[in-house]
Amino acid sequence: MASIIQVTGLTKRYASGFEALKGVDLAIQEGEIFALLGPNGAGKTTMISIICGIARPTGGSVTVAGHDILRDYRGARSAIGLVPQELSTDQFERVIDTVTFSRGLFGKPRNDAYVEKVLRDLSLWDKRHNKILELSGGMKRRVMIAKALSHEPRVLFLDEPTAGVDVELRRDMWKLIGELRQTGVTIILTTHYIEEAEEMADRVGVITKGELLLVEEKTALMKKLGKKTLTIVLADPIQTIPDALAEWNVTLHADGNEIEYIFDTQAERTGVSSLLRRLGDLGIGYKDLNTRQSSLEDIFVSLVHQEKAA
Amino acid sequence: MSLQNLRAIAAIYTFELHRFRRTLLTGLLVPVITTSLYFVVFGGAIGSRMTEIDGIPYAAFIVPGLIMMSMFTESIFNASFGIYMPKFTGTIYELLSAPVSATETIIAYVGAAATKSLIVGSIIFATAHLFVDVPVAHPVAMAAFMVLIAVSFCLFGFILGIWAQSFEQLQVIPLLLIMPMTFLGGAFYSVHMLAEPWRTITLFNPIVYLISGFRWTFFGQGDVAIEYSLLFVAGMLAVCLGVIGWMFRTGYRLKK
């Protein structure tokens, strides 16, 4: 696969002196769904803004479909559809007018059949004569996606497509993005939810504090990120870990009142049920169990350490 | 300019005119009513007690000033709102991410605002005919002057819209600078009527030259020579184009 976006040594320093991007290199393959995962303020939106022409880079270069974003901005921008994080729409316009406008703005000849297809795909066709202000938040997001798709882009940027959206709408959005991918468009989305990257992406890039820590196939990354900690609160404290539990590599906490077991959620066998069975066999009683996923911040911290160690 | 660019210009231009159409009734009625009020007050009540100015009946004398005043306001208002609102609502992201050059953006926004401004100017001109006989000595020059004024002030409004970071800033220049300068710029009187030193001081007001030039196209005479007026219009166009060029090149208040 050829890369459709090539980011090389991209830096961004704001007038305040804040360094939002510190030399990012990234290649996006045509046809993939790429998730840019990172906490708030990591530089995700800055990077998208630069690629799309909304912010200026301080250094480095970007090409989109072979066009440099500065020297040949027309070629680069024609290939891109952008759905920003904020719901910014012309409230008084009708759905069909605003989508037709976007197509014209990107210099494409009028094509009612194509606009109809986009609106139908996004379940907006019935609402085409509604003013945007009459639509719900989820529908407005769809209108923005329709505008971004109106000029037949090869790359679609979705900046936090599910931020502030309830669970059901999030599922809808995931399904929709899966369908968009079938049309062959390359999709780059930003998110700070691990599940979201896990659900949709082919590859994931982890970005924090303006640095791209790693880019990996999702499955490989999930193996790294998919660790959970099982805490077993014992009925009676124990002094030492019995040898019979050695194969689980458990640790003792809270003055012998708790046992912690770290396991891989992606593994064929997590070892949880066999561990509990063994505890039963040993006659060690427990009164509570809980599992906890490491927070994104924990994961970033551990990734940073891994990177430094490597 | 390629077909692709023309389509983008057409898209913005029609979008802007569509925005005006939503407020069509007030957009057209207001200039008609305002003009009528000015004629009732200045033309009828006061004008009847005034002698002719430079050989022109007072009611006819104020017509060019009235058209200019409305066109200044309309141009600045339309053009500044046209670019300020997308900044305010955030929809400017689409313009910035579109394959559209600065020149095309300006042609589209300023063209649309100037179109509306010219429509308003023409309505006032037509309304004035209901009240008074207005001779036009140089019709072609008059039309050209209206276009030049509409374009210059729309460029100025466009700059204002990019510069403004609040609705207050958007209003402050037209209300506190342009309006007083217009009233003091001879919209309703001839500069020759002023005593010194006010007469000399007034000549530092650029609006005087614009109104005088427009009046020349009606009556063949103005407060200052027509060449000076043309120089001021050209100067204003050049300065505005220069500032806008700089704004787009540096991304001033448009791009982070």
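This is a predicted model: local features need pLDDT of at least 70, side-chain atom pairs count only at pLDDT 80 or more; totals for chains, interfaces and linings use all residues.

Trainee: What makes a residue of chain A count as buried, and what share of the 310 residues is buried?

Mentor: A residue is called buried because 20 or more other C-beta atoms lie within 10 Å of its own. Buried residues form 37% of chain A.

Trainee: Why are β6 and β10 of chain A called edge strands?

Mentor: The open sheet has six strands in the order β6-β7-β8-β3-β9-β10 (chain A), with mixed pairing. Strands β6 (80–83) and β10 (211–217) of chain A each pair on one side only, so they are its edge strands.

Trainee: How do you know that β6(A) and β7(A) pair?

Mentor: Pairing needs at least two bridges. Four bridges join β6(A) to β7 (residues 155–159) of chain A, so the two strands count as paired. They run parallel, and L82(A) stands opposite F157(A) in β7(A).

Trainee: Which helix lies across β3, β6, β7, β8 and β9 of chain A?

Mentor: That is α1 (residues 44–52) of chain A, which runs at about 145° to β7(A). Helix α6 (residues 167–182) of chain A also packs on the sheet, where it touches β3, β7 and β8 of chain A.

Trainee: What makes two residues of chains A and B part of the contact, and how many does each chain give?

Mentor: Their C-beta atoms must lie within 7 Å. Chain A gives 28 residues and chain B gives 22. On the side of chain B, the largest share, nine residues, comes from α1(B).

Methods:
Residues are numbered from 1 along each chain as its sequence is written. Chains are lettered from A and ligands numbered from 1 in the order in which they are written. A residue is buried if 20 or more other C-beta atoms lie within 10 Å of its own, exposed if 12 or fewer, and partly exposed in between; C-beta atoms are placed from the backbone. Axes are lines fitted to C-alpha atoms, for helices over the stretch in contact, and angles run from 0 to 180 degrees between N-to-C directions.
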